[in-house]
Amino acid sequence: MLYFNNPPALTADEQKKLQRAVDRYVEQVLKAGGSPFERVRCVHRLVQQNVIFPRLSLSKAGAINVAVLPKTEEGRHYVTAYGALVNERANSYGIARAVDTILCDPRLNIASQLVEGCVIDDELNATMHLWNIVSIRGGSYHVDTAMDILCNPQAMRRTGEPGKPLSTLDNHDLPIIEILVPAYNYCLVSDDIMQGDHFWSLNETPRCLSNYIPASKI
């Protein structure tokens, strides 16, 4: 059972907003075309380009550990697809749920499941984390969009606060957040790749034995 098994319930208006956001993502993926693999990569890219991992807000709230969330309307949705797709701010739980929601939409119909585990940093600290495993053409693959957001080497400084332009903020108020150039280091990869810095119950997930390499990379 997921740590955040019961995320905040949505009102009817929030449900409509979420569905409109999902529709926009699905339409962009369908417009891009391609195989199921390329559609997964497209979702991975779009979420990276549109969702902020709100590290500064979490830090100020003392909520680096996902067990604690900021006590705000925005903060309570950091673990939901609504937070990622409507508020455009979410931690790994919200990001993985957003990816899952888009991929499992009947118009894409790509099998996806959530995987809860930990990520291990360079100092061997473990942090709870959520990502996806997708199943395509008889194979299974990990997709960790949040990790590609967090580890993107081209990350730049940009405000994570809605409605606040950079020119109004002091330098110390500028959080490090994600850039618009996507990374694919954790997209459609094997157990071997993920075990470099992730830990999870292998016996509870499909075996992911290979990596997807786009034809343009071969």
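Predicted model: local features only at pLDDT ≥ 70, side-chain atom pairs only at ≥ 80, totals over all residues.
## The chain as a whole

Residues are numbered from 1 along each chain as its sequence is written, and side-chain values use heavy atoms, with hydrogens and water left out.

The protein chain has seven helices and seven strands. These are DSSP runs numbered from the N terminus, with at least four residues (H or I) for a helix and at least two (E) for a strand. Along the sequence they follow the pattern α-α-α-α-α-β-β-β-α-β-β-β-α-β. Of the 218 residues, 46% are buried; buried means under 20% relative accessible area, exposed over 50%, and partly exposed in between (1.4 Å probe, protein chains only).

Contacts tell us about folding along the sequence. A contact means heavy atoms within 4.5 Å. Among contacts between residues at least 6 apart in sequence, 61% join residues at least 24 apart.

## Helix H2

Helix H2 covers residues 36–50. The expected span of a helix is 1.5 Å times one less than its number of residues. For the 15 residues of H2 this gives 21 Å, and the end C-alpha atoms are 21 Å apart, so the two agree.

Several residues of H2 are buried, including Phe 37, Val 40, Arg 41 and Leu 46. Among the partners that the buried residues of H2 pack against are helix H1 (12–32), helix H5 (92–103) and strand S3 (139–143).

Let's follow S3 next. Five of its five residues are buried, so S3 is largely enclosed by the rest of the structure. In a regular strand the side chains alternate between the two faces of the sheet. In S3, Gly 139, Tyr 141 and Val 143 point one way, while Ser 140 and His 142 point the other way.

Two strands pair if DSSP finds at least two bridges between them. S2 and S3 pair in the antiparallel sense over five bridges, and Ser 140 is the bridge partner of Ser 135. Their hairpin has two residues between the strands, and Arg 137 there takes a positive phi near 50°. S3 is also joined to S6 by two bridges, again antiparallel, with His 142 opposite Val 189.

## Ser 190 and the cysteines

Ser 190 lies in the loop between S6 and helix H7 (191–194). Its relative accessible area is 4%, so Ser 190 is buried. Leaving out residues up to four places away in sequence, Ser 190 touches His 142, Cys 208, Leu 209, Ser 210 and Asn 211.

Cys 208 is buried at 2% relative accessibility, and Cys 187 is buried at 4%. How many disulfides are there? With a disulfide taken as a pair of cysteine sulfur atoms within 2.5 Å, the count is zero.

## Phe 199 at the surface

Is Phe 199 buried or exposed? Phe 199, found in strand S7 (residues 198–199), is exposed, with a relative accessible area of 58%. Leaving aside neighbours within four places in sequence, Phe 199 is in contact with Gly 117, Cys 118 and Trp 131. Phe 199 and Ala 126 are 73 residues apart in sequence, with their C-alpha atoms 8.7 Å apart in space.
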